[in-house]
Amino acid sequence: MKKLLVAFVAVVAVSFASCVNTNTQVADALDSLANEVEAAADSIEAAADTLALDTIAE
């Protein structure tokens, strides 16, 4: 679910950036932000998976 949300945010960011063709810095900033959000979501998901496995192991 989190990856779906991150993918949606990335698509919206890229779509917005392509509409704002005049400023490539905006596009780059949005791309960078989307990548950071995706990385954060991945690390949260990994932490949740680890917690779930630790809970099951007990």
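1. Helices here are DSSP runs of H or I with at least four residues, strands are E runs with at least two, and both are numbered from the N terminus. Please keep in mind that this is a predicted model, in which local features need pLDDT of at least 70, side-chain atom pairs count only at pLDDT 80 or more, and totals for chains, interfaces and linings use all residues. Residues are numbered from 1 along each chain as its sequence is written, and side-chain values use heavy atoms, with hydrogens and water left out.

2. Ala13 counts as buried, with 12% relative accessibility. Buried means under 20% relative accessible area, exposed means over 50%, and partly exposed is in between (1.4 Å probe, protein chains only). From C-alpha to C-alpha, Ala13 is 9.5 Å from Ala29, and 16 residues separate the two in sequence.

3. Of its 58 residues, 9% count as buried. The accessible surface is about 4600 Å², and carbon and sulfur atoms account for 66% of it; such areas come from the Shrake-Rupley method with a 1.4 Å probe, and for residues only the protein chains shown count as cover.

4. Do look at Phe8, which belongs to helix H1, residues 2-19. Its relative accessible area is 54%, so Phe8 is exposed.

5. Val9 is also placed in helix H1 and counts as partly exposed at 36% relative accessibility. The C-alpha atoms of Val9 and Ala34 are 6.9 Å apart in space, while the residues are 25 apart in sequence.

6. Leu5, Phe8, Val9 and Val12 make a nonpolar surface patch of about 370 Å². Patch residues have over 30% relative accessible area and no salt bridge; like charges are joined within 9 Å, and nonpolar side chains (Val, Leu, Ile, Met, Phe, Trp, Tyr) within 5 Å. A salt bridge is a side-chain nitrogen of Lys or Arg within 4 Å of a carboxyl oxygen of Asp or Glu.
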